[in-house]
Amino acid sequence: MNGFEFSAPGRIVFGNGTGLESLPEIRKWSERILLVTGSDVSRAGWLLDGLDSLGATIAIHSQAHEPTVEDCGEVLRIARAFGAGAVVALGGGSAIDLGKAVAALAPHTEDPMDHLEVVGKGLPLPGPGLPCAAIPTTAGTGAEATRNSVLAADEVKVSLRSPHLLPRLAVIDPFLAIGLPKDQTGWTGLDALTQLLEPLTSRFANPISDGFCREGIVRSVRSLPVALLDGMDIEARSDLALASLLSGLALANSRLGVVHGLAAPIGGLFAAPHGAVCARLLPLAWKANVAALQRENHPGLDKYRDAARLLTGQSTATLDDGLAVIQKLSNLVGTPGLAHWGMIESDIPGLCERASKASSMKGNPIELDEGALADILQEAL
Ligand SMILES: [Fe+2]
């Protein structure tokens with residue numbers, strides 16, 4: 001067995017009502033709290049009222065789209081001018097990634113480029129940031145459990161990476177996802193499923209993340225169709241929230257694969273929801289990886305067989321049976337072709353070149369050449 005390490009947020013609390021219950025702890029960190037949330041600030045009303053009643057002074061930043069390096073710089077300035085002593089990130093992946101980045105950088109730098117990979121200097125963070133609580137309101141990205149923040153820069157998405165990006169507290173309150181629209185429920189749900197399948201089959205998989213992936217896949221498959229039919233079903237929402245958390249823990253420790261390798265440059269070029277891209281690519285990536293592994297009779301096929309059994313709930317499931325379940329979920333969610341988001345055929349070579357260098361691609365169980373990547377994108381158009 002290969003050696004491994006495993007990191008996670010300082011504390012994880014899970015359950016209906018835990019959002020409200022976590023506020024006294026957050027208030028103890030500081031009297032001055034920066035809230036980073038999504039476009040609809042009214043969804044944070046319960047949190048603002050709760051912290052206000054505990055005597056906190058709050059500055060609010062509303063993040064309407066996936067965060068850029070400039071957004072991060074601007075919110076850093078707000079945090080410093082306000083004298084924030086703690087950060088709460090409440091929302092989907094955009095709000096959580098931005099909140100984590102600001103919390104981590106605030107005591108150290110005025111310029112995110114000092115610490116960004118690829119486009120910046122990539123300097124390691126010298127120490128802990130402000131205490132940060134991450135409270136997801138969707139069930140997809142798992143950003144509450146990861147040690148990176150994704151920021152957009154010059155038509156690419158890059159990460160700020162550090163153990164100091166891990167939130168001090170992750171609060172997963174499934175009730176907060178009640179009311180999430182159907183398309184967002186579906187796309188974020190398939191993002192989470194992708195983030196469970198890719199670490200399970202990753203070349204960096206480890207026994208801890210394998211257990212998390214197996215548990216998450218079963219919950220994801222059984223509850224995504226239920227939540228799509230009835231968004232008020234709290235048991236289904238709970239399964240999806242847990243699957244998302246498990247996916248974040250898994251990907252942070254065992255990495256991802258070709259779906260996320262391709263999604264990174266696509267997300268940098270087009271205003272396509274990350275989950276919608278993952279949903280479109282997942283069945284095609286399964287086919288491409290399985291075909292490449294079969295050509296070499298690669299031991300990585302065992303994990304795909306494992307995944308097929310988990311997806312179908314059948315001990316005799318074949319690889320095609322597993323693919324059929326993914327395809328059915330992808331169809332159920334509704335996944336427009338990538339042309340819907342503005343991609344055209346001539347974009348494919350550049351996207352493949354960027355994808356082959358993406359950090360997510362490194363976990364893929366087998367190397368796919370640019371021709372294989374181009375075939376996936378061609379079919380996904
Ligand atoms: Fe993802």
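Leu34 sits opposite Val87 of strand β4 in this predicted model, with strands taken as DSSP E runs of at least two residues, helices as H or I runs of at least four, both numbered from the N terminus. The pair belongs to the contact between strand β2 (residues 32-37) and β4, which run parallel and are joined by five bridges; two strands count as paired once DSSP finds at least two bridges between them. Because this is a predicted model, local features need pLDDT of at least 70 and side-chain atom pairs count only at pLDDT 80 or more, while totals for chains, interfaces and linings use all residues. Residues are numbered from 1 along each chain as its sequence is written.

Zooming out, six strands make up an open sheet, ordered β1-β8-β5-β4-β2-β3, with parallel pairing. At the edges are β1 (11-14) and β3 (57-62), each of which pairs on one side only. From one strand to the next, the twist averages 15°, with axes being lines fitted to C-alpha atoms (for helices over the stretch in contact) and angles running from 0 to 180 degrees between N-to-C directions. Helix α5 packs on this sheet, touching β2, β4 and β5, and its direction makes about 170° with that of β4; contact here requires C-beta atoms, placed from the backbone, within 7 Å. Together, β4, α5 (residues 93-105) and β5 form a right-handed β-α-β unit, right-handed in that the path from the first strand over the helix to the second runs clockwise with the strands pointing away from the viewer. Elsewhere in the sheet, four bridges link β1 with strand β8 (residues 169-172), the two running parallel, and Arg11 has Leu169 of β8 as its bridge partner.

As for domains, the chain is assigned domain 1 (11-177) and domain 2 (182-380), with bounds that come from an automatic or database domain assignment. Their C-alpha centres lie 26 Å apart, and 21 residues of domain 1 are in contact with 27 residues of domain 2.

Methods
Two residues are in contact if their C-beta atoms, placed from the backbone, lie within 7 Å.
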